[in-house]
Amino acid sequence: MNDTALMLLLGVFFITIFLKLPICFALGLASVSTMLYLGIPLANIINIMYASLDSYPFLAVPLFMLVGSLMNGGGITDRLMNVSSAWVGHIRGGLGHVNVGGCQPTCRFSGVKVSRALPSFSGLSHTSFSSSRFLVARPFHRSGCFRFASSMTSFLASRIAADSPR
Amino acid sequence: MSYLKIINNIFEYLCKFLVGSLLALFTMSIVAHVFLRSVFSYPLSWAQDGAVMLFIWMVFLGAPVALRYRMHFAIDLFGDKVPRLGYVLNVVCDLLVYLFLYVMIVYGIDFLKIAHSMYYSYLYIRQSYVVVSIPLSGFIMFFMNTENLIVDLRALTARSLLEDGGDVL
């Protein structure tokens, strides 16, 4: 790939992202424009879309999301968050601590090491903002910044859990 | 209610029904596969292929519903600070989505012809039966996106009428 193609790929991607185009379509349009520039047949893009989904390990993603929503519906995540909040919520920077603490149990019972981030993304980070009882009374759930922070701390928690000895 | 909305409601109902059914089948096949593999050491090879097929159908049937309700992830840099620009950007985004839908439909059908000669290894089903979900999804998304575009255009024109002191109703 030459420099122009790379610039085109990144340029189209970031410009369309800034235009508030959904990220999936932004990725698609960036790829389409680069493939047109390089003269690659566009049927390949469909091939890649299909081939990337055609993998067995990838099936864990919807199952993790299913487990996350079942845990939300059943109230397990609320209880996990309450426990975590009672343990570490009072320490300064409680949002991060509660997230890390709440993610530890889910990280423990998921068997696959690399997929530990997913329950925290799908289940806990959602619940932490849908209930958000451990936060103060301000409407934090409306804040994209805090949503991002929660996701990131959940992700970090999963990494910490993955690296910590059993 | 406009015809487009009725068509989209039917598509949405069908997509939701199919995605729900496929998710149930998919979960059952995975559970059966894992259970038989770990307990009886007898892996169901066909369940592996079947689950992947159901997953791909699920993804591409779920995408139009997400598009209709604008649930695809997007980054909102401007927020409500520049409302007029927001309305214009919505229309521009809807038009850009059409470009990708064109690729999905036209080149999806092209790839369908190639995939018709390829088979899944265990189930021995033609891969085109799965790949057909891509142009089909693009086709349904075309209708969903048209509805979104009409809504956005109406919002944009209503907004400009308001700013010019005109009466929307």
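**Entry 1. Chain A, overall**

I counted helices and strands in chain A and found 8 helices and 0 strands, taking helices (H or I, at least four residues) and strands (E, at least two) as DSSP runs numbered from the N terminus. Along the sequence the pattern reads α-α-α-α-α-α-α-α. I note that this is a predicted model, in which local features need pLDDT of at least 70 and side-chain atom pairs count only at pLDDT 80 or more, while totals for chains, interfaces and linings use all residues. Residues are numbered from 1 along each chain as its sequence is written, chains are lettered from A and ligands numbered from 1 in the order in which they are written, and side-chain values use heavy atoms, with hydrogens and water left out.

I then looked up burial: 40% of the 166 residues of chain A count as buried. The cut-offs are under 20% relative accessible area for buried, over 50% for exposed, and partly exposed in between (1.4 Å probe, protein chains only). The accessible surface of chain A is about 9100 Å², and 70% of that belongs to carbon and sulfur atoms; the areas come from the Shrake-Rupley method with a 1.4 Å probe, and for residues only the protein chains shown count as cover. Among contacts (heavy atoms within 4.5 Å) in chain A between residues at least 6 apart in sequence, 58% join residues at least 24 apart.

**Entry 2. Helix α1(A)**

I checked the length of α1(A): its 16 residues reach 22 Å from first C-alpha to last, close to the 22 Å expected at 1.5 Å a residue. The expected span is 1.5 Å times one less than the number of residues. Its buried residues are Ala5(A), Phe13(A), Thr16(A) and Ile17(A). They lie on the same side of α1(A), because they cover an arc of only 110° around the axis; the arc is that of the directions from the helix axis to the C-beta atoms. On the other side of α1(A), I find Asp3(A), Met7(A) and Ile15(A) exposed. The cover over the buried residues of α1(A) includes α2 of chain A together with α3 of chain B. Just after α1(A), Lys20(A) takes a positive phi of about 75°.

I picked out Phe13(A), in helix α1 of chain A, which is buried at a relative accessible area of 18%. Leaving aside neighbours within four places in sequence, Phe13(A) is in contact with Ile23(A), Ala26(A), Leu27(A) and Ala30(A).

The 16 residues of α2(A) should span 22 Å at 1.5 Å a residue, and the end C-alpha atoms are 22 Å apart, which agrees. Its buried residues include Phe25(A), Ala26(A), Gly28(A) and Leu29(A). Gly39(A) follows α2(A) and has a positive phi, near 75°.

For α5(A), residues 76-88, 13 residues should span 18 Å, and I find the ends 18 Å apart. Thr77(A), Leu80(A), Met81(A) and Ser84(A) are buried in α5(A). They cover an arc of only 95° around the axis, so they sit on the same side of α5(A). Arg79(A) and Ala86(A), on the other side of α5(A), are exposed.

Not counting residues up to four places away in sequence, Phe25(A) touches Leu67(B), His72(B), Val97(B), Phe100(B), Leu101(B) and Met141(B).

**Entry 3. Cysteines and positive phi**

Cys24(A) is in none, and the nearest cysteine sulfur, that of Cys93(B), is 11 Å away. Cys24(A) is partly exposed at 34%, whereas Cys93(B) is buried at 5%.

In chain B, Ser41(B) has a positive phi of about 50° although it is not a glycine. Ser41(B) lies in the loop between α1 and α2 and is exposed at 60%. Arg70(B), also not a glycine, has a positive phi of about 55°. Arg70(B) lies in the loop between α2 and α3 of chain B and is partly exposed at 41%.

Note on methods:
Disulfide = S-S within 2.5 Å.
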